[in-house]
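Reader: I have a chain here that I would like to talk through. Can we go from the overall picture down to single residues?

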Amino acid sequence: MSTENLRESIQKRLALIAEQHSIDIEFNPLFPSVEAFETPAQSPFVQYCQQLTQHEAESVAFATEAPFLNALGMDTVVLGPGDIAKAHQPDECLPLSRINPFIKILQRLIHHYCITSPNVQTT
């Protein structure tokens, strides 16, 4: 969903609430939009991340700096040790048991893309 469509939907819902309660509601976004991004599922980077995590890539509804990196031509994923269902929630938490396995995933990504990759120049 585009930011413009989302904001339009919010404004329509607020207008109904305002009308029901005979009040004025002013809608002022706090920041400019951050467009959605998608790295193709066929991307070797996405495929490797899926292999390491044993999870299929999926879409989520929150903003990151990833669209800006994609615009620079970088394959980008948002990847972390937590559970997306718990992310950005009042009861957000991260079990300690997820940290070390994720560190191993990061180490494998770094080794694969920064150490053994034939496109990496070393001095």
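Reader: What percentage of the 123 residues of the protein count as buried?
Author: This is a predicted model, and the values are computed from it. A residue counts as buried under 20% relative accessible area. Of the 123 residues, the share that passes is 16%.

Reader: How many helices and strands does the protein have?
Author: Along the sequence the pattern reads α-α-α-α. That gives zero strands, and the helix count is four.

Reader: Why is the protein described as more spread out than a compact globule?
Author: The C-alpha trace spans about 65 × 35 × 25 Å along the principal axes. For 123 residues the globule rule gives 14 Å. The protein is well over that, so it is more spread out than a compact globule: its radius of gyration is 20 Å.

Reader: How far apart do the centres of the positive and negative side chains lie?
Author: There are 7 positive side chains and 14 negative ones.

Reader: Which residues of α2 are buried?
Author: Helix α2 covers residues 44–53. It is mostly covered, with seven of its ten residues buried. The buried residues are Phe45, Val46, Tyr48, Cys49, Gln50, Leu52 and Thr53.

Reader: Which helix do the buried residues of α2 pack against?
Author: Seven of the ten residues of α2 are buried. Their packing partner spans residues 99–115, and that helix is α4.

Reader: Thr53 lies in α2. Is Thr53 buried or exposed?
Author: The cut-off for buried is under 20% relative accessible area. Thr53 has a relative accessible area of 18%, so Thr53 is buried.

Reader: Which backbone oxygen does the side chain of Thr53 reach?
Author: The Thr53 side chain has polar partners on the backbone. One of its polar atoms lies 3.2 Å from the backbone nitrogen of His55. The oxygen is reached at 2.9 Å, and it belongs to Cys49.

Reader: Leaving aside neighbours within four places in sequence, which residues is Thr53 in contact with?
Author: The contacts of Leu79 include Thr53. Leu79 is found in the loop between α3 and α4. Seen from Thr53, the contacts are Leu79 and Ile105.

Reader: Which residues does Leu79 touch, not counting those up to four places away in sequence?
Author: Leu79 is partly exposed, with a relative accessible area of 34%. Two of its partners, Cys49 and Thr53, are buried residues of α2.

Reader: Which backbone nitrogen does the side chain of Gln50 reach?
Author: Gln50 is found in helix α2. Gln50 is buried, with a relative accessible area of 14%. Beyond its neighbours within four places, Gln50 is in contact with His55, Glu56 and Ala57. Its side chain reaches a backbone nitrogen at 2.7 Å, that of Ala57.

Reader: Where does His88 lie?
Author: His88 is not a glycine, yet it has a positive phi of about 60°. His88 is exposed, with a relative accessible area of 57%. It lies in the loop between α3 and α4.

Reader: What distance separates the C-alpha atoms of Leu6 and Arg108?
Author: Leu6 is found in helix α1, residues 3–21. Leu6 is partly exposed, with a relative accessible area of 41%. Along the chain, Leu6 and Arg108 are 102 residues apart. Their C-alpha atoms are separated by 38 Å.

Reader: And what separates the C-alpha atoms of Leu79 and Glu8?
Author: These two residues are 71 residues apart along the chain. Their C-alpha atoms are separated by 30 Å.

Terms used
Residues are numbered from 1 along each chain as its sequence is written. This is a predicted model: local features need pLDDT of at least 70, side-chain atom pairs count only at pLDDT 80 or more; totals for chains, interfaces and linings use all residues. Side-chain values use heavy atoms; hydrogens and water are left out. The radius of gyration is taken over C-alpha atoms; the globule rule is 2.2 Å times the number of residues to the power 0.38. Buried means under 20% relative accessible area, exposed over 50%, partly exposed in between (1.4 Å probe, protein chains only). Lys and Arg count as positive and Asp and Glu as negative; His and the chain ends are not counted. The place of a charge is taken as NZ of Lys, CZ of Arg, CG of Asp or CD of Glu. A polar contact is a pair of N or O atoms within 3.5 Å; within protein, one must be able to donate a hydrogen and the other to accept it, and residues adjacent in sequence count only if both atoms are side-chain atoms. Contact means heavy atoms within 4.5 Å.
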